[in-house]
Structures are given as structure tokens and as C-alpha cells.
Amino acid sequence: MVLGFDAMDPATVRSLAEDGTLPTFRRVLSCAAVARIDNPYGVFVGNTWTSFFSGWSAARTGYHSTDEITPGTYLHRKTPFDRLRGRPFWRELDRSGRRVAAVDVPHTVAIQPTGDGVEVSEWGVHDRHKGTRSFPTPACGDLLDRFGYHPVFGVEPDLARDFSPDDYVHRDGDLRTHAEEAALLADFETGAALKTALSTHVLSSARWDLFVSVAGESHAVGHQHWYLHDPDHPRHDAPLTRAIGDPVAGIYSRLDRSLAAHLELAGKDTLVLVMLSHGMGPHYDGGAVLTEVLRRLDAVRTGAAGPFHARPARLHASEGDRRRQRFFRMPNNDHIGGVRLNVRGREPDGRVDPDELAADMEWLRAELLDLVNVDTGAPAIRAVERVEDHHPRSLDDAFPDLFIEWNCEAPITTVSSASIGVVQLEASGWRSGDHRPHGLLLATGAHLGRSAVMPPVAMLDLAPTILAALGMEEGDLDGSPIPWLSALLPGT
């Protein structure tokens with residue numbers, strides 16, 4: 001049984017378990033094999049779950065950011081979800097006669113199982129693409145008739161559109177009012193209870209070879225309500241927190257009860273993998289300043305720099321700016337930014353000769369590392385990494401060329417360097433929380449002993465590990481079975 005808690009922050013879970021807020025997690029942590037989850041570097045926001053269900057690398061899935069510059073052009077657009085490659089590993093189990101239930105694994109689209117299985121998608125997940133789909137067994141009954149739709153994630157359930165409903169539900173202005181925040185939290189709580197009921201109903205309806213279920217409320221409450229959880233956040237609202245409580249702790253507590261309900265139904269021979277997919281923390285990246293920083297650095301690199309004047313805030317450059325510049329901001333989510341170089345022979349109006357590429361990247365790396373967060377005096381950027389050092393590249397991919405790892409210890413609204421002067425753009429947006437790269441895996445079951453810290457696991461290694469445990473060849477996967485976890489799995 002795999003129980004996923006989407007973007008449920010490991011450090012926060014440990015802290016709340018220690019103080020007694022999460023008694024089930026506390027018990028599991030005391031007896032589980034515990035390992036850090038290493039997600040795909042630089043693109044973990046878009047590729048954590050796709051790596052889990054496909055066993056493929058970010059380069060092979062082709063979907064690593066919600067936005068992209070269309071390959072071969074300078075056009076900014078939403079990344080087409082239909083371009084996502086790789087299929088859920090449990091489909092192989094289903095075709096081989098195993099009984100499989102898969103409920104709400106992010107970025108999957110449910111299909112009718114060939115055998116006596118269950119697939120549900122986008123009933124209670126933060127990331128929406130195709131709308132809610134449910135293919136239950138007769139023993140389950142009609143899940144939508146029985147449980148209805150999630151009050152937040154289930155808005156417009158038949159709408160096929162790439163969006164996250166929690167960004168918009170109960171929000172009429174730029175930021176939510178107190179009443180809107182309370183209403184959103186109440187719906188998260190109702191949704192979490194409904195999801196527990198739906199998931200345990202499916203779990204108890206048959207004896208499964210593999211049961212996978214993922215909770216989405218942990219993801220959404222982190223984005224929307226982190227500022228109420230974190231007293232050091234610039235937007236922290238102590239009166240509202242006193243009125244409605246700490247939303248993050250409250251939803252985590254409900255999910256703790258969900259974990260308890262699932263564990264109670266698990267058979268004694270079941271190995272349970274509890275997966276906190278990746279982390280969450282304050283939304284302190286410097287994405288709001290990057291477009292203007294790169295415009296100025298381009299002027300410096302080409303010798304066209306004069307006095308720099310303030311310009312209106314723009315998260316993305318115009319298509320024309322991208323054509324003219326030697327390098328530009330590449331959409332890559334937030335915590336880790338991206339820069340693409342305008343390479344001749346790859347981009348339509350390339351400005352950088354291939355033989356200049358290495359020198360330009362090294363110059364740009366040094367300039368970016370010189371940026372200072374004016375409010376703190378600390379470096380604004382921790383590291384600048386070449387994408388090719390972490391992922392295989394192709395001429396038609398939509399990767400950046402450089403990953404920018406922001407220093408997220410404090411808000412970044414004003415940066416400066418000797419080359420570009422001061423860039424000050426106010427960060428905007430209602431999301432007060434954003435992702436952190438590492439997750440946590442807890443392996444527990446009656447046949448396991450006391451708690452043990454195990455070596456880190458790669459997310460894309462979980463699919464081949466589970467397939468091998470159930471007697472299936474791993475096939476064409478990029479991952480491989482995890483030795484220590486394979487030794488714990490029943491039947492291996």
C-alpha cells in the first residue's frame with residue numbers, strides 16, 4: 001500500500017509529530033524504515049509525481065513545468081499536458097491480472113482497468129488537467145454518487161483545463177479576506193474528511209495486490225495558508241490565526257487521522273509506504289526580479305549598457321525581448337529558476353554562437369552569483385547549475401540551460417550587483433508557500449522492526465521496486481529497484 005501526501009513538508013511533520021499533534025505519524029516514525037526522497041534536480045515541482053508513476057526521468061516525460069517557451073520559438077505558453085510521456089506502472093500490473101486500485105495520483109488520467117481494479121483521477125488533487133474521472137468496480141459502487149465532489153478540487157469537475165482550483169476558490173480580490181480564508185480552510189477540512197472516506201471505502205472493497213492513494217490537501221494548504229502557519233512570514237496575520245487556528249497544522253492533523261484509518265484496514269502482511277512527496281516552505285524566491293536582471297545583464301554582455309532606469313514589473317519578457325537578448329528567463333516554476341541562452345542553430349534568431357556557449361554560461365553564472373539581496377545583505381542565489389549536468393539534453397527540449405537555486409531564507413524583492421545596479425520589483429501573488437526539493441519515505445508493516453534510517457531513494461526508483469516485488473519485469477524504465485526497500489517487500 002502506497003499512501004502519498006502531496007507536498008506535505010517532512011520537517012513540519014517531524015515537528016508536529018514530536019509535540020503530539022500528529023500521533024499516527026509519531027508512531028510510524030518510531031517503527032519505520034525512514035529515507036529521504038531525492039526528486040529530479042531543478043524540476044522537482046513538475047516531475048516529482050510523473051517520475052513516481054512512470055519510472056521515467058524528466059527528460060523522457062517531457063513535462064517539467066506548467067509553463068514553457070515553445071521549443072523552436074520565443075512564445076510563452078502553458079505546457080500542453082497531452083505532451084506528457086510515460087504511463088502509470090500499475091497498468092502493467094493490471095494487465096497481468098493483479099488487482100490494483102489507484103486513487104488521485106497527481107498528473108494521471110484514469111482509464112478503465114482491464115481487470116477488476118479501480119482508477120480515480122483529479123477527484124482531490126491540487127493539479128487539474130482533464131477533470132474528475134472515476135472507474136470503480138461494482139463492489140465499490142458509484143463513487144461520485146456516494147461521495148460527490150471535493151468542495152475545492154472538484155469545482156467544475158468536468159472542465160478540462162490546466163489550473164489549480166485552490167488558487168481561485170473563495171477569492172474575489174488579489175488576496176483573500178479573513179472570511180474567505182476561513183471558508184477555504186473549512187472546505188479543505190471537509191474535503192480531507194470526504195477523501196478519507198472515499199479512499200478507505202475503495203481500500204475495504206477488495207483485497208488488493210497494490211493500493212495507491214494520494215491526499216492533495218497538504219499541497220494546497222501549504223501554498224495558500226503558509227503565512228498563517230509561519231509567524232516569521234511578512235504577511236503573517238496573528239489575529240486571523242488565533243481565530244481559525246494554524247491551517248497547516250490543522251490539515252496535517254486531519255491527514256494524520258486519514259493515515260490511521262488506512263493503517264487500521266491494512267492487512268498484517270501489507271508493507272505500507274508512506275510518502276511525503278516533497279517539501280513546503282515560505283515563498284521567498286526571486287522569480288519576480290529575474291526578467292529584469294537578465295535584461296540588464298544582456299545589455300552588459302553586449303556592451304550596450306548605459307544608465308539603468310526603473311521599468312514596470314514583468315514576470316516574463318516579451319517575445320521580442322527574447323528574440324533580441326542573448327539569454328532570457330525560462331519558465332521553471334519558482335524555487336529554482338531557469339535561464340535559456342539564445343543559441344544560434346537552436347533558437348530561430350540565435351544570438352550566441354555554439355562555440356561561445358560555455359563562456360557565456362560561465363560569465364552569466366558568475367554575474368548571477370554576485371547578486372545580493374539588498375534587504376539582508378546575503379547572496380540572493382545559492383547556486384547556478386548547468387542543466388546538462390543533471391539531465392540529458394536534446395535540441396528540441398524545453399529545458400532551461402541553467403538552473404538558478406534561490407536563497408529562500410528571506411523574501412527577495414530587491415537585488416543589486418556592481419554590474420546591474422539595483423533591481424526592485426514587488427513580489428505578487430496569493431501563494432505564500434512554495435515547494436522544497438526533498439521528500440520522505442516511511443516503510444512500515446507488522447513484519448518490520450524498530451525505526452531505522454536508510455539511504456536516500458530516488459523517486460523514479462519506486463516504480464521498478466514495486467513492480468519487482470509483485471513479480472513483474474521492470475521493463476523500459478529509467479529507475480531500478482531500491483536494494484534495501486526490495487529486501488523489505490513481502491515475497492522478495
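The text below covers strand pairing, a helix, the nonpolar cores, a pocket and the cavities.

The coordinates come from a predicted model, and every value below was computed from that model.

**Strand pairing**

Strand β2, residues 33–38, runs antiparallel to strand β19, residues 438–444, and six bridges join the two. Within this pair, valine 34 stands opposite leucine 442 of β19. Strand β2 also runs parallel to β20 (residues 452–453), with two bridges, and there alanine 33 stands opposite alanine 452. Strand β21 (residues 457–458) is likewise joined to β2 by two bridges and runs parallel to it; in that pair aspartate 38 stands opposite alanine 458.

Strand β15 spans residues 402–406 and is largely enclosed by the rest of the structure, because four of its five residues are buried. Strand β12 (residues 336–341) pairs with β15 in the antiparallel sense, and strand β14 (residues 381–386) also pairs with β15 in the antiparallel sense. Leucine 402 of β15 is the bridge partner of valine 339 and also of arginine 386.

The table lists the pairings by bridge count.

| Strand pair | Sense | Bridges |
|---|---|---|
| β2 and β19 | antiparallel | six bridges |
| β2 and β20 | parallel | two bridges |
| β2 and β21 | parallel | two bridges |
| β12 and β15 | antiparallel | four bridges |
| β14 and β15 | antiparallel | five bridges |

**Helix α14**

Helix α14 covers residues 462–469, and seven of its eight residues are buried. The buried set consists of Leu462, Ala463, Pro464, Thr465, Ile466, Leu467 and Ala469. After the helix comes glycine 471, which has a positive phi near 80°.

**Nonpolar cores**

The largest nonpolar core contains 52 residues, and Phe5, Phe25, Val202 and Leu442 have the most contacts inside it. Another core lies apart from that one; it has 34 residues, among them Ile37, Leu93, Met275 and Trp484. Leaving out residues up to four places away in sequence, phenylalanine 5 touches Phe25, Ala215, Ser218, Leu255, Leu259, Val274, Met275, Leu276 and Ser277.

**Pocket and cavities**

What is the volume of the second largest pocket? The second largest pocket has a volume of about 580 Å³. It is lined by 23 residues, of which Met1, Trp208, Asp209, Thr270 and Leu271 are the closest to its centre. Helix α14 supplies at least two residues of this lining, as do α7 (178–204) and β8 (210–215). By class, the pocket lining has 16 nonpolar, three polar and four charged residues.

Six cavities of 30 Å³ or more are found in the whole structure. The largest cavity holds about 90 Å³ of space. Its lining has 14 residues, and the closest to the cavity centre are Phe5, Ser213, Ala215, Ser258 and His262. Two or more lining residues come from each of β1 (2–5), α7, β8 and α10 (247–265). The lining of the largest cavity divides into seven nonpolar, six polar and one charged residue.

Phe5 is listed for the largest core and for the largest cavity. Elements α7 and β8 contribute to the lining of the second largest pocket and to that of the largest cavity. Leu442 is listed for the largest core and is the residue that valine 34 stands opposite in β19.

Conventions. Residues numbered from 1 in each chain as written. Predicted model: local features only at pLDDT ≥ 70, side-chain atom pairs only at ≥ 80, totals over all residues. Heavy atoms only, no water. Buried < 20%, exposed > 50% of the residue type's maximum accessible area, 1.4 Å probe, protein only. Core = buried A, V, L, I, M, F, W, Y, C linked by side-chain atoms within 4.5 Å. Contact = heavy atoms within 4.5 Å. 1 Å grid on protein atoms, 1.4 Å probe; cavity = no way out; pocket = protein on both sides within 12 Å on 5 of 7 lines; lining within 4 Å. Points joined across faces, edges and corners; volume = space filled by probe spheres on them. Nonpolar A, V, L, I, M, F, W, Y, C, P; charged D, E, K, R; others polar. Pairing = 2+ DSSP bridges.
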